[in-house]
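Subject: Structure handover and findings

Hi,

Here is the structure we talked about.

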Amino acid sequence: MGPKVSVSTHRAPCPTAGYFNGVSIRRVASLLASGGVAVLPTDTIYGFHCAASRLDAVERIRMIKGRAGRSGFILLAGDLDMAGNLVARWPGSSEAILAGAWPAPLTAILPARRTVPEILAPNGAVA
């Protein structure tokens, strides 16, 4: 039996509440879809964002941040189905734990599918 894991399901208010409306969300989505990079608030800090499917934009963020080639990125997923497209397998009870906590401000590091580009999962893991 593996180590016992607990996840807090406390839901903090979203810091972006009131900042974005339908028009601004569509503008940001269009920017990201076209390969752009945006600085947006997350649950705790502002961060660089791009569409993970646009590897040119991912590389641009790496250059902006001055990151080494073996540093990974945190990928945002809206639900377990979306995360499942990135994950090779769910170790132990990780899927059940995440299902019970989602949506929540947490990062899970899981084995990446072979189809995930190395720039996103350089060590064979996806966050």
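pLDDT is the predictor's confidence in each residue, on a scale from 0 to 100. You need it here, since this is a predicted model. The mean pLDDT of the protein is 83. Of its residues, 85% reach 70 or more. Residues 1–13 stay under 50. For that stretch the model has 11 contacts beyond four places in sequence.

Overall layout

The protein has 4 helices and 4 strands. Along the sequence they follow the pattern α-β-β-α-α-α-β-β. There are 127 residues, and 25% of them count as buried. The accessible surface comes to about 8,600 Å². Carbon and sulfur atoms account for 58% of that surface. Take the contacts between residues at least 6 apart in sequence: 39% of these join residues at least 24 apart.

The core

In soluble globular proteins, nonpolar side chains tend to be buried together. Here the largest nonpolar core has 14 residues. Those with the most contacts inside it are Val58, Phe73, Ala112, Val116, Ile119, Leu120 and Val126.

Start with Val58, which sits in helix α2, residues 55–65. Is Val58 buried or exposed? Its relative accessible area is 3%, so Val58 is buried, the cut-off being 20%. Beyond four places in sequence, Val58 touches Cys50, Ala51, Ala52, Phe73, Ile119 and Leu120. Its C-alpha lies 9.6 Å from that of Phe48, which is 10 residues away in sequence.

Ile119 is another of the core residues with the most contacts. Leaving out neighbours within four places, Ile119 is in contact with Leu55, Val58, Glu59, Arg62, Ser71 and Phe73.

Helix α2

The buried residues of α2 are Ala57, Val58, Ile61 and Arg62. Seen down the helix axis, they fall within an arc of 150°, so they line one face of α2. These buried residues pack against β2.

Leu55 is also in α2. With 36% relative accessibility, Leu55 counts as partly exposed. Beyond four places in sequence, Leu55 touches Pro117, Ile119 and Leu120. Leu55 and Leu120 are 65 residues apart in sequence, yet their C-alpha atoms are 8.6 Å apart.

Just after α2, Gly66 takes a positive phi of about 65°. Most residues other than glycine have a negative phi.

His49 in β2

His49 is in strand β2, residues 46–49. Its relative accessible area is 13%, so His49 is buried.

Helix α4 spans residues 94–101. Ser94, Leu98 and Ala101 are buried there. They cover an arc of only 65° around the axis, which puts them on the same side of α4. On the other side of α4, Ala96 and Gly100 are exposed. Which elements do the buried residues of α4 pack against? They pack against α3 (80–84) and β3 (110–111).

Pro103 lies in the loop between α4 and β3. The peptide bond from Trp102 to Pro103 is cis, with omega near -10°. Most peptide bonds are trans.

Leu86 in the α3–α4 loop

Leu86 lies in the loop between α3 and α4. At 24% relative accessibility, Leu86 counts as partly exposed. Beyond four places in sequence, Leu86 touches Leu75, Pro111, Ala112, Arg113, Val116 and Val126. Of those partners, Ala112, Val116 and Val126 are among the core residues with the most contacts. Arg113 is 27 residues from Leu86 along the chain, and their C-alpha atoms are separated by 5.6 Å.

Where to look

For the core, go to Val58 and Ile119. For the cis bond, go to Trp102 and Pro103. For the stretch where pLDDT stays under 50, go to residues 1–13.

Best wishes

Conventions
Residues numbered from 1 in each chain as written. Predicted model: local features only at pLDDT ≥ 70, side-chain atom pairs only at ≥ 80, totals over all residues. Heavy atoms only, no water. Core = buried A, V, L, I, M, F, W, Y, C linked by side-chain atoms within 4.5 Å. Buried < 20%, exposed > 50% of the residue type's maximum accessible area, 1.4 Å probe, protein only. Contact = heavy atoms within 4.5 Å. Helix = DSSP H or I, 4+ residues; strand = E, 2+ residues; numbered from the N terminus. Arc of directions from axis to C-beta. Areas by Shrake-Rupley, 256 points an atom, 1.4 Å probe, with all protein chains shown as cover.
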